[in-house]
Amino acid sequence: MTAEAPPPPGPWRQALRGLLRNRAAMVAFAVLALITLSCALAPLYARDIARTDPFTSNVAGSILLGRHEVDIMQPNDNPLHLGLSPIGPTGHAAYLLGADSQGRDVAARLLYGGRNSLLIAACAAVLCLLLAAAAGIAAGFFGGLVDVILSRLMDIMWAVPVYLFAISLSIVTVSQGLKLGPFVVEADSLLIPIVIIALVYVPYAARPIRGRVLALRQAEFVTAARCLGVPRWRIVLFDILPNVTTTLVVLGPLLMALSLLAESALSFLSIGVQAPAASWGTIIQDGEGLIYTRPMVAIAPGLAIVLVVLALNILGDGLRDALDVRDSARRSS
Amino acid sequence: MLPAPLLEVRDLCVSFPSRGRMIPIVEHVSFTLGERDILGLVGESGSGKSVTAMALMGLIDSPGVQITGSALFRGQELVGLAQKQLLRLRGSEIAMIFQDPMTAFTPVYTIGWQIDEQIRAHERLSRKQARARTVELLADMGVPDPARTADRYPHQLSGGLRQRAMIAMALSCNPSLLIADEPTTALDVTVQAQILDLIRSLRSTYGSSVLLITHDMGVVAETCDTTLVLYSGRVAETGPTDALFAHPGHPYTAALLASIPPLDGPRPHRLPAIAGAPPAPLERPAGCAFAPRCSYAHETCRDAPPPLVPLVPAGQAGQAGQAGQNTGAQSAANIQQQSAQFAACVLPAEGTLLLPRLLEADTAMSSPGGIILGLSDQGIQPMLSSAGEPPL
Amino acid sequence: MMIALLRRLGQTVFVLFGISALVFLVFFATPGADPTARIAGRNASPQTMEKVRQEYGFDRPLPVQYATMMKKLFITQDLASYVDRGELVVPEIARAAPVTVSLVCGAAVIWVVLSIAMGTLAAALKGTWTDRSLMMLGLVGISMPVFWLGQVANLITQSRYHDTWLFSWVPGLGYVPLTENPWGWFKALVIPWIVLAVMFIGIYSRVLRADLVALSGEDFMRTARAKGLSPTRILLRHGLRTSMITFVSLFGLDFAQLVGGGALLTEVVFGLPGVGRLTYQALTNLDLPLIMATVMYSAVFVVLANAVVDVLYLFLDPRVRDAR
Amino acid sequence: MTRRSDTAITPDASASASASASASARPLLDVRDVRKTYHLPRGQTLKAVDGISLSVMPGEVLGLVGESGCGKSTLGRCLLRLTDVSSGEILFEGQDITALKERALRPLRQQMQMVFQDSYASLNPRRRIGDLLAEPLRVHPDPDGRKRSRATITARLHELMDLVSLPVSALERYAHEFSGGQRQRINIARALALSPRLVVADEPVSALDVSVQAQIVNLFADLQARLGLTYVFIAHDLAVVRQISTSVAVMYLGAVVELGETDAVLHSPAHPYSAALTAAVPRPVVGAARAAPLGGDIPSPVARPAGCRFHTRCPFVQDRCRVEEPALHVIEPGHSVACHFPLAEG
Amino acid sequence: QPSATPLLPQAAVHFPSDPHKGGTLRLAAQDSGGTLDPQVSYISLIKELETPVYDGLLAFPKFSGPAAQHVIADLAETVPQSEDGGRTYRFTLRPNLHFSDGQTVGVEDVAASFRRLFKVGSPTAGPYYSHIIGADACLHDPAHCTLAGGIETDAATRTITFHLTEPDAEFLDRLAWFHAAIVPASTPPHDTGNTAPPGTGPYRVTSYDPATGMVLERNPYFQEWAHDAQPAGYPDTMQVTFGLDTEGEVTAIENGQYDWMYEDLPLDRLGEVGSRYAGQVQIYTLLLYYYAALNVRLPPFNSLKARQALNYAINRHAMVIYHGGPAVSAPLCQLLPQGTPGYVPNCAYTKGASPAHPLPQWQAPDLEEARRLVRESDTAGQKITIVAPLEGRYAAMAMELRSTLASLGYSATVRSLTQTVQFPYIQNSDNHVQLALTGWNADYPSASSFLQTLFACASFHPHSDNSPNISAFCNPEIDALMTTAARTALTSPEQSEKDWAEVDRALMAQAPAVPLVQIRRVTLLSKRTRNAIVTLNDEILLSQLQVR
Ligand SMILES: Nc1ncnc2c1ncn2[C@@H]1O[C@H](COP(=O)(O)OP(=O)(O)OP(=O)(O)O)[C@@H](O)[C@H]1O
Ligand SMILES: Nc1ncnc2c1ncn2[C@@H]1O[C@H](COP(=O)(O)OP(=O)(O)OP(=O)(O)O)[C@@H](O)[C@H]1O
Ligand SMILES: [Mg+2]
Ligand SMILES: [Mg+2]
């Protein structure tokens with residue numbers, strides 16, 4: 001430790017270096033970036049591919065495949081003329097993965113759906129972290145009545161299975177939207193699933209944070225700060241928060257993965273993203289009725305979810321290793 | 001003819017891989033431990049005491065670790081011994097106790113269960129017989145009400161009792177070698193005294209040799225027959241405890257002893273402290289590891305680690321130069337036979353011997369030639385004597 | 001002990017009260033929730049509506065309604081659904097519960113056995129390819145939405161490969177009571193079990209492995225090695241046994257949540273008439289009595305399971321035993 | 001060792017025990033019958049500090065020794081109001097700080113500081129050292145009541161670095177980049193940032209190696225001489241305590257059993273426990289004779305023995321000790337002990 | 001009950017000679033229908049299952065064909081002629097009728113059944129039976145319902161006389177309606193829930209568990225009295241299983257594990273069923289259509305032109321595709337579905353047609369006309385919320401509506417609610433629903449149950465969840481036309497039908513709704529099932545199915 005050496009990197013930079021060295025995490029990050037980009041940029045190119053609007057029904061329409069004009073909904077060749085089937089995977093750019101029961105291009109919807117799924121998951125994760133950090137820090141640091149009230153509230157939330165909790169909230173809000181004083185959220189707004197998912201996972205995130213804060217509150221450097229007469233808000237801001245951030249950063253991808261799964265589940269039950277907007281969950285839901293005849297409609301978005309959640313989990317693991325956070329939250333249903 | 005030593009360690013080196021490099025943690029450590037001997041391994045934190053002990057037990061299983069050298073236990077090579085044979089040795093021939101008795105027991109089993117387990121792992125005994133032995137052992141260790149204590153869980157016992165139980169477990173198969181890694185550090189002074197008494201008594205009651213690891217010079221002085229001082233993974237000095245304490249041959253040993261505040265006699269105005277801190281394994285200098293902190297350091301110290309040379313008590317200075325030609329690896333038997341004191345320092349070879357330590361002294365302060373004068377606690381670099389003659 | 005028991009009871013009652021009051025209030029704040037018209041039937045006359053309103057007490061103040069509902073739910077147990085007239089909700093749940101319990105218990109057996117096997121194996125072979133691939137497998141399991149996995153399983157076993165020898169034994173979707181036909185029960189549930197268990201296998205094996213690896217650095221594991229015990233014994237008797245404490249607490253929570261209705265996606269996908277699906281239906285129909293009953297049921301279960309976990313703790317962790 | 005005769009005991013009121021040599025000067029810190037009780041689950045209570053009275057004169061160094069769990073740290077934290085006391089008074093320059101509100105206490109905080117044992121845990125790992133040291137300077141106004149400017153703060157930081165012999169470049173680094181000794185210097189620098197009058201040091205050198213420990217002990221001594229500081233120096237190493245303190249308080253199970261000038265307490269202990277404690281310290285001298293160690297363990301603080309708290313381990317225990325609790329009383333000027341049968345000088 | 005001497009001999013007679021008699025019919029339904037009380041249940045599954053369990057004085061014919069539109073005598077000996085200008089009806093009860101518990105059916109049972117209708121708060125008590133004298137009092141105070149002066153009985157002559165406050169052209173239809181089932185006088189005056197009161201039909205419910213299933217077995221006291229009204233059944237037992245989802249049901253029927261399923265075939269299975277199981281398929285028209293109710297009191301649909309524009313613009317062909325193609329559904333642009341009395345094919349809103357010059361068939365959407373109308377109405381750009389049920393087909397239809405509205409220049413959003421919630425929600429004027437997607441099927445084939453129920457001033461109840469006039473449409477002229485049409489039915493049914501057709505046209509000119517499609521039900525029967533008789537009112541007669 002000689003005086004001349006340049007100051008070595010801070011803890012964050014060091015963690016970043018650790019992460020960059022983690023090959024699995026880097027691959028996961030690349031996959032994530034690729035999927036996110038291709039979804040985010042969908043409006044720039046998806047229309048060229050799909051040649052139809054992925055949000056409007058197109059049951060009565062037809063497309064030109066090669067030189068043939070083909071009906072999107074193809075009549076069944078049976079004596080009773082029962083039923084029509086959406087066109088299957090075409091092998092062409094248009095309707096690459098076929099159509100859904102409303103004649104929409106599944107591939108294009110997958111891209112647009114991904115935008116919503118990822119957006120919701122990311123926003124929900126961030127919102128959840130903010131709420132959980134606020135709750136966890138309030139409960140952990142100030143203790144007393146605040147802790148009792150928050151903990152009881154969490155107890156109540158814990159006592160109901162997460163998905164049931166999310167579903168209850170969704171059903172109530174999806175019917176009428178949210179009116180919180182001056183804030184009005186339309187029923188089909190993406191904010192609703194975001195808020196609900198964030199809320200539902202708050203206990204999951206708040207618990208490790210509270211635990212961390214409780215430990216930090218006992219930490220000697222906090223005592224030292226108190227001893228120095230540092231006001232409480234400064235302690236929270238400069239001593240507690242920076243040390244909780246690692247927990248938050250590690251929880252982030254994990255929560256995003258959980259949120260993505262929750263969003264898809266809600267959308268699958270038709271109470272998440274509302275039509276005409278799409279998400280991977282709603283596309284799976286669209287595909288449910290076609291599972292035996294056009295399985296691609298349900299399988300493709302599912303694979304997308306698996307891929308993204310997997311990447312997020314690997315990234316989360318990488319972050320945890322890099323930041324050396326022991327007490328991170330467990331993954332759960 | 002002296003009996004063959006129980007444990008003979010030669011040139012033990014342990015390196016751990018880190019970021020593609022091998023970090024030498026322990027370098028060329030050699031020592032010999034006779035039957036019923038207590039050898040004290042002292043050194044500062046991080047000097048490689050535990051790693052040495054773990055290497056002997058074959059307990060280091062970090063991926064990529066390199067252990068070289070040799071450790072003969074009753075003539076059996078421990079380094080690179082097959083896992084199966086190691087299992088048989090561990091616990092029965094060589095036992096180990098650890099620093100923190102708080103965490104060294106599995107929390108979910110009773111003390112008795114865990115001692116029984118070790119007995120039954122090495123001997124064909126019924127549960128009942130094993131328990132009888134356990135209770136007996138606990139009683140031997142001075143545990144009050146041993147039968148009831150055996151049925152208690154680790155957390156239900158006080159630190160002292162837990163350490164006694166730990167020792168009982170270590171002794172349960174009559175090992176010939178007990179490695180005690182800082183067995184008293186976590187204990188209070190009064191309890192520490194009890195445990196040290198117990199360890200001292202082992203050699204007579206159980207005939208065990210003890211490798212006692214500690215960083216407390218006081219503990220060594222009270223307990224050990226032989227002492228080995230480690231500094232930054234290398235042997236600094238070794239020798240019979242009384243000789244080593246009376247006239248330390250290595251400046252480090254001398255400084256270390258001097259920096260302990262005395263409990264009796266006049267209070268020194270300032271404590272003679274060693275400036276700086278031990279180097280990290282990667283930043284270990286090519287030469288003597290202590291050189292940057294040493295007031296005697298000069299050019300010769302910087303090129304290569306100085307070899308371990310025998311040190312002759314003040315009256316036999318003449319032999320010093322001669323023995324200085326020996327490297328540590330040579331003439332183990334000689335060393336043993338002479339039971340002499342060795343220091344890894346260039347000074348003896350140069351004929352410069354440190355002054356004997358003033359016991360109960362009017363402090364080293366007043367002694368004119370004391371090395372302590374040259375040490376400073378200010379600044380990173382100690383004042384270095386110019387090349388050539390050390391300030392004697 | 002008595003005090004602890006009482007405190008637990010108090011907590012339970014508090015949680016139940018909190019949830020029920022919350023559900024009740026939210027329900028009445030929801031537009032379109034007024035069940036009168038639904039009970040009275042399509043095109044009913046205003047008088048009939050009035051009769052229903054009176055009969056069901058919708059004209060009374062909310063606290064009275066709440067109290068009545070609680071009484072009917074817990075004391076007289078004759079609370080009737082608002083949607084399917086005359087259907088008593090308590091027996092309805094009593095009928096749905098065995099389905100859910102069958103589903104969850106089977107899955108739990110699978111996931112506990114497999115995750116212990118996988119986690120222990122991975123920890124034992126730490127750093128090898130086996131370890132890495134097992135853990136990656138677990139991660140993939142965690143990443144799959146259960147309803148999607150269920151659908152794909154159905155697609156494969158019910159349609160695509162149903163005619164092959166591999167899946168020809170798979171019965172149609174639905175539940176067969178154990179008492180009626182044990183073998184049919186098993187056949188009907190084995191695929192839902194696996195599908196439900198997949199995610200938990202992933203979670204638990206990873207948690208267990210991490211725990212075991214963390215434990216392997218603990219002093220007591222080092223002691224066990226120094227005792228000359230075999231690696232297997234160290235891993236199983238010392239490592240796994242100690243890890244079980246974390247494992248059990250996780251398990252208790254997850255198990256309770258699932259039995260309390262958390263398995264609804266699996267139940268929906270496999271057409272199992274369990275509590276989760278019942279709750280979901282109650283929620284979509286805004287059938288307050290049923291919602292109330294199912295939510296109470298699941299809350300009771302979760303709280304109960306917590307208590308059981310606490311008791312298990314006493315068995316597993318002597319430190320906790322002394323702390324009470 | 002012989003025993004003092006029974007009659008020599010003069011039971012004395014608590015406060016007088018602390019009235020050491022210079023009775024005229026006002027003590028900087030006056031502790032009066034402070035108690036701290038922790039409430040454990042299952043209705044158990046733990047009297048971590050059980051009625052302690054002592055006083056510390058300006059410029060004095062009070063060493064606090066005792067076995068683990070005897071309440072040293074708790075007392076130290078009470079002195080600085082880092083934990084609220086259960087009862088009793090703590091007068092800092094005559095002002096009772098036990099009842100002050102956090103806000104009212106803040107100006108006083110500049111006067112009294114603490115150095116902790118765990119040099120790593122007491123430094124926030126996520127902030128640069130410079131930031132950490134500047135924190136107290138930012139939150140407290142300067143003596144004129146003005147907010148300190150950036151430049152003053154920087155100047156002060158350099159001064160502090162100089163004071164504890166660290167290079168200025170250390171300010172740019174994080175805690176984990178330093179060795180234990182250096183970190184402890186940083187801790188000391190932070191405690192000194194506001195130029196306090198009282199420093200409570202809770203085992204500041206226990207975690208350090210001897211060679212480094214000597215540096216820090218010297219640093220403490222130097223600083224005291226230079227800045228005229230007053231210390232309450234908590235340690236379990238008697239040798240260190242002897243090196244630095246002017247007087248020593250020996251604690252056992254939450255109470256002070258012996259209090260007096262350092263040499264008096266350590267060389268002619270009057271309490272059997274103090275005697276056992278000094279005897280048990282291993283000395284780095286080969287062949288030093290040592291008395292048989294004290295038997296048994298410290299009783300659990302939850303179930304403190306009735307009567308004299310030491311009677312379960314006392315080699316000289318008498319019937320009276322089992323029932324009657326001895327009060328701390330003066331046996332010679334500046335030396336008090338809580339024993340019915342104090343040891344006479346050996 | 002002194003008369004309850006069991007008369008086993010007759011009832012026990014079987015026809016072993018008939019090879020089709022006997023066996024167990026296995027039926028499947030996704031969910032149970034709740035209460036079994038025939039006077040309370042308003043669930044078509046229960047109605048269908050209990051058709052062979054209960055009888056009224058009158059019944060709809062149990063055969064197919066055009067003649068099936070008119071009621072025939074069931075427990076009554078004949079269909080009476082009205083007296084007193086349509087205010088009095090006199091019935092004679094058939095002799096020797098028995099309930100399934102052995103009691104004889106007496107006139108007092110009939111009167112009690114009608115009183116019970118009010119006491120249990122039957123959903124149709126108000127709308128269908130309030131013309132009976134004393135009914136008003138019963139509605140207000142159900143517990144003390146006597147219907148004094150409304151129903152007179154004479155046990156000696158087995159006559160039952162109904163006195164009405166005013167003529168009711170559909171009174172006879174309503175006596176044939178399910179809720180007018182005759183149950184023993186001793187039936188408790190509350191919803192019997194999971195137990196079915198004794199009935200008179202060929203079957204009785206022997207066990208019921210809403211979660212798992214229901215069993216119907218032969219009524220030992222049944223003896224066929226009028227084959228057309230209540231024919232004896234073929235299977236010995238009918239076993240209903242609840243809980244399978246529709247996909248599972250289809251598979252099970254294909255595999256011969258069940259004989260009949262209650263739900264519609266899922267659309268994605270139509271192709272498979274049509275090609276591989278064509279012989280087991282029954283397709284029949286239902287009196288059920290889907291429409292979008294336009295709230296004529298809220299913008300933009302308070303503008304007639306906006307309403308007409310949407311009617312022009314909607315692509316009914318797409319709607320047909322959503323319901324499984326032309327074989328399964330037909331475009332509908334009028335408010336009377338095919339099969340109701342008074343139905344005359346008539347489409348005002350299609351390419352090349354107008355309210356003044358309708359075409360008989362829907363051809364294609366007319367977007368230009370629609371856009372012109374929107375321009376004229378000056379409503380473009382307004383926000384419209386479509387409130388639709390959450391279920392699959394509705395969702396697709398709602399999306400199509402949204403696209404159409406968007407192409408007309410509106411900004412439309414869809415709000416989905418579960419059907420059970422959505423239906424009362426869209427009826428309540430407090431919820432300000434602009435456009436509601438829903439379906440309607442008549443309890444019995446009558447024009448008024450479509451036109452009057454859905455569009456008469458009287459069926460609009462502001463602030464109430466029960467206000468079937470979802471459009472909040474009230475046009476006094478058309479109301480008058482409807483009253484006339486209803487009244488004429490008493491005297492001249494043919495004229496009445498013409499009048500209703502006229503009402504249909506007049507209503508469509510006002511376009512209070514957008515009729516979309518009328519669907520046909522596609523039912524899959526197992527291979528072993530024979531003799532599927534489809535009636536207009538009771539769909540497939542389960543009791544007539546034969547199993548081998
Ligand atoms: N498994 C390992 N991998 C890498 N480095 C290791 C490993 N084990 C120990 N070390 C390093 O070896 C050095 C010596 O460690 P060791 O535990 O032997 O010291 P010690 O002398 O016992 O110190 P203490 O008195 O603190 O116990 C330390 O710097 C430590 O970081
Ligand atoms: N927050 C707390 N809650 C409950 N008990 C406590 C708390 N803090 C300390 N104690 C107990 O109070 C007693 C005194 O603790 P304290 O830390 O003051 O001892 P100490 O003398 O500083 O010991 P050491 O030498 O180990 O630091 C101990 O028995 C300890 O367990
Ligand atoms: Mg060590
Ligand atoms: Mg302490």
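How much of residues 7–257 of chain B is helix and how much is strand, and how far apart are the end C-alpha atoms? Over this span the chain is 39% helix and 27% strand, with the end C-alpha atoms 28 Å apart, where helices (H or I, at least four residues) and strands (E, at least two) are DSSP runs numbered from the N terminus. UniProt, in an unreviewed entry, places the feature "domain: ABC transporter" at these residues, 7–257 of chain B; UniProt positions are given in the numbering used here, feature names are shortened, and annotations may be inferred rather than shown by experiment.

This is a predicted model, in which local features need pLDDT of at least 70 and side-chain atom pairs count only at pLDDT 80 or more, while totals for chains, interfaces and linings use all residues. Residues are numbered from 1 along each chain as its sequence is written, chains are lettered from A and ligands numbered from 1 in the order in which they are written, and side-chain values use heavy atoms, with hydrogens and water left out.

**Chain C**

For chain C, the unreviewed UniProt entry lists "transmembrane region" at several spans, including residues 183–204 and 290–316. Residues 183–204 of chain C are 100% helix and 0% strand, and their end C-alpha atoms lie 29 Å apart; residues 290–316 of chain C are likewise 100% helix and 0% strand, with end C-alpha atoms 38 Å apart. An automatic or database domain assignment supplies the domain bounds, and chain C is divided into domain 1 (2–76) and domain 2 (98–275). The centres of these two domains of chain C, taken over C-alpha atoms, are separated by 38 Å.

**Which chains touch**

Contact means heavy atoms within 4.5 Å, and among the eight pairs of chains that touch, chains B and D have the most contacts. Chain B and chain E do not touch, their nearest C-alpha atoms being 47 Å apart, and no contact joins chain D and chain E, whose closest C-alpha atoms lie 48 Å apart.

The table sets out two interfaces by buried area, which is the accessible area (1.4 Å probe) that two parts lose on being put together, summed over both.

| Pair of chains | Buried area | Share on carbon and sulfur atoms |
|---|---|---|
| Chain C and chain A | about 4000 Å² | 74% |
| Chain B and chain D | about 3900 Å² | 52% |

**Chains C and A**

C:Trp148, C:Gln151 and C:Gln257 supply 15% of the area that chain C buries against chain A, more than any other three residues. One salt bridge (a side-chain nitrogen of Lys or Arg within 4 Å of a carboxyl oxygen of Asp or Glu) is counted between chain C and chain A, and A:Asp317 forms a salt bridge with C:Arg206, the closest N and O atoms being 2.0 Å apart. On the side of chain C that touches chain A, the largest share, nine residues, comes from H7(C).

**Chains B and D**

This contact takes 53 residues from chain B and 46 residues from chain D. B:Thr190, B:Leu263 and B:Arg267 supply 20% of the area that chain B buries against chain D, more than any other three residues. Three salt bridges are found across the interface of chain B and chain D, and B:Asp264 forms a salt bridge with D:Arg283, with the closest N and O atoms 2.7 Å apart. H7(B) gives the largest share, eight residues, of the side of chain B that touches chain D.
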